[in-house]
Amino acid sequence: MAHPPNSLYATAAGVKFHYHDMGEGSPAIFLHGGGPGCTAWSDFGPVAPLFADDRRAVLVDILQYGKSDKCTISGPMWDFHAAKIVALLDELGIARADFVCNSWGGTIALNLAAKYPERVRALVITGSMPVFYGPLAPLPEDGRRGRNARDVYYGGDGPTREKMRQLITRLEWFDGDQLPDDTLEMRYRQSLDPDEMALAAASDNPRGDWQDLTTELGMIEAPVLFAWGMHDAFLTPDYPLMLARMIKHGHLYIMDRASHHLQEERPHDYYSLVTGFLEQRHP
């Protein structure tokens, strides 16, 4: 993976965001997942140069991750994140954008699209869990698989490079043999950040109150593409099919030979899929 081209900071609504800003044209905001050590660049670095060829790609470290503020969140968590991202858009002079998101970041974007519809043109969502139920069977580990994996990773003797490898290859990648060494190293080193370790030690308490977004999904007017891995270890494809039917303009694509991080496992295919969707004549 190439090194990020820039490292930028912006203060918005009292918090500091770290982000990367690439390319020119119609803006797209990239929000990463919530696994240990995840950042904007660790999750979207492999596809960022592709998107930057034909649009402005803004890759944001979500609050409590990467080089953004490790603030403590109180009250509804997805409302907090959505409001802060909107404040960041204001700071960057972006009135309306597409959102391309993985997991944790996708749930933020879905809530943002419901609460601030004028700021969102279209969304692409992968591996996110905005509601805590499925259509066919209980969610894996009752929807706590990600939180459980985080507790295991930081628990016991603490983080190790091998534990990070096992986490990624078991839960995030379809073919763990293809995991690049630099991606593993980036995630592992970031997971050792003292503030991130303190957040992990405090479990869910500093992350805010969990919200179920059933009502919000029905409020979304923007078109949403759920791009899912056939082998997603957190949420099987019946789950995004349910989500797509809960949204007025919901679409679903299932990618074979992929798990939770399509944009890293199959970057060119992911780019082609997402760009094709974003270039449709959305309102």
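Helices (H or I, at least four residues) and strands (E, at least two) are DSSP runs, numbered from the N terminus. The model is predicted: local features need pLDDT of at least 70, side-chain atom pairs count only at pLDDT 80 or more, and totals for chains, interfaces and linings use all residues.

Q: Where is A13 placed?
A: A13 is not a glycine, yet its phi is positive, about 50°. Its place is the loop between β1 (8-12) and β2 (15-22).

Q: Is A13 buried, partly exposed or exposed?
A: Buried means under 20% relative accessible area, exposed over 50%, and partly exposed in between (1.4 Å probe, protein chains only). A13 has a relative accessible area of 48%. That value makes A13 partly exposed.

Q: What is the phi of S103?
A: S103 lies in the loop between β6 (97-102) and α4. S103 is a residue other than glycine, but its phi is positive, near 55°.

Q: Which residues does S103 touch, not counting residues up to four places away in sequence?
A: S103 is buried, because its relative accessible area is 16%. Contact means heavy atoms within 4.5 Å. By that test S103 touches G33, T126, G127, S128 and H260.

Q: How far apart are the C-alpha atoms of S103 and G34?
A: Along the chain, S103 and G34 are 69 residues apart. Their C-alpha atoms are separated by 6.8 Å.

Q: Why does the span of helix α3 agree with its number of residues?
A: The expected span of a helix is 1.5 Å times one less than its number of residues. Helix α3 (residues 77-92) has 16 residues, so it should span 22 Å. This agrees with the distance between its end C-alpha atoms, 23 Å.

Q: How many residues of α3 are buried?
A: The buried residues include W78, F80, I85 and L92. K84 and H81 are also among them. α3 is mostly covered, and its buried count is 12 of 16.

Q: Which residue follows α3?
A: The residue after α3 has a positive phi, near 70°. It is G93.

Q: How is α3 oriented to α4?
A: Axes are lines fitted to C-alpha atoms, for helices over the stretch in contact, and angles run from 0 to 180 degrees between N-to-C directions. α3 and helix α4 (residues 104-115) pack at about 75°, with their axes 8 Å apart. Angles under 35 degrees count as roughly parallel, over 145 as roughly antiparallel, 65 to 115 as roughly perpendicular and the rest as oblique. The angle therefore makes α3 and α4 roughly perpendicular.

Q: How do the residues of the contact of α3 with α4 divide?
A: α3 contributes M77, W78, D79, H81, A82, I85 and V86, and α4 contributes W104, T107, I108, N111, L112 and K115. Ala, Val, Leu, Ile, Met, Phe, Trp, Tyr, Cys and Pro count as nonpolar, Asp, Glu, Lys and Arg as charged, and the others, Gly among them, as polar. The contact of α3 with α4 divides into eight nonpolar, three polar and two charged.

Q: Is α5 roughly parallel or antiparallel to α6?
A: Helix α5 (residues 145-154) and α6 have axes 10 Å apart and pack at about 160°. That angle makes α5, relative to α6, roughly antiparallel.

Q: What classes of residue make the contact of α5 with α6?
A: R145, A149, V152 and Y153 of α5 meet K163, M164, L167 and L171 of α6. By class, the contact has six nonpolar, no polar and two charged residues.

Q: Is the crossing of α6 and α7 left-handed or right-handed?
A: The axes of helix α6 (residues 161-171) and helix α7 (residues 181-191) come within 9 Å and cross at roughly 115°. A crossing is left-handed if the near helix is turned anticlockwise from the far one by less than a right angle, and right-handed if clockwise. The crossing of α6 and α7 is right-handed.

Q: Which residues does F234 touch, not counting residues up to four places away in sequence?
A: F234 sits in the loop between β9 and α10. F234 is buried, because its relative accessible area is 16%. F234 touches P140, R145, G146, L171 and H260.

Q: What covers the buried residues of α10?
A: In helix α10 (residues 238-246), Y239, P240, M242, L243 and A244 are buried. Their cover includes α9 (214-219), β9 (224-229) and β10 (250-255).

Methods. Residues are numbered from 1 along each chain as its sequence is written. Side-chain values use heavy atoms; hydrogens and water are left out.
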